[in-house]
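Hi everyone, thanks for making time. Let me put the structure up on the screen, and then I'll walk you through the fold.

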Amino acid sequence: MKEPKNILIFTKEYDHPKISNSGGTGIFYKNFAEKLTEKGYKVFVFGSKKQPVSFEENGIVFYFVKDYFQKNRVANLVRSVSGKLSFFKSVYFEKYLA
């Protein structure tokens, strides 16, 4: 079997000046991504933050999209409630999982 050469890290935290502040998890992902690139893997870091940003640095591709639900608390509440109440399930799946 062929060994995979592409790795995706999905996170909201990553220790980098162009990405918002992070804690221990962000530092872990940074060290992990750097070690993977040293071993020949292509690493993609995908996440969300207040402002979208995308760039490539040291063989790591960063793509962060705008975090819609952090900005709009009403939308976050509707999403949360619609996913838990049975009569809203069809609307939830249609709107947020499609």
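So, four strands make up an open, mixed sheet, in the order β1-β2-β4-β3. Strands here are DSSP E runs of at least two residues, helices are H or I runs of at least four, both numbered from the N terminus, and two strands pair if DSSP finds at least two bridges between them. β1 (6-10) and β3 are the edge strands; each has a single partner, so one side of each lacks a neighbour in the sheet. From one strand to the next, the twist averages 15 degrees.

A quick word on what you're looking at: this is a predicted model, where local features need pLDDT of at least 70, side-chain atom pairs count only at pLDDT 80 or more, and totals for chains, interfaces and linings use all residues. Residues are numbered from 1 along each chain as its sequence is written, and side-chain values use heavy atoms, leaving out hydrogens and water.

Back to the sheet: β2 (residues 42-49) and β4 run parallel, joined by seven bridges. S48, for instance, has V65 in β4 as its bridge partner.

Now, where is N58? Look in the loop between β3 (53-57) and β4 (60-66). N58 counts as exposed because its relative accessibility is 67%; the cut-offs are under 20% for buried, over 50% for exposed and partly exposed in between, with a 1.4 Å probe and protein chains only. Its phi is near 55 degrees, a positive value in a residue other than glycine.

Technical notes. Axes are lines fitted to C-alpha atoms, for helices over the stretch in contact, and angles run from 0 to 180 degrees between N-to-C directions.
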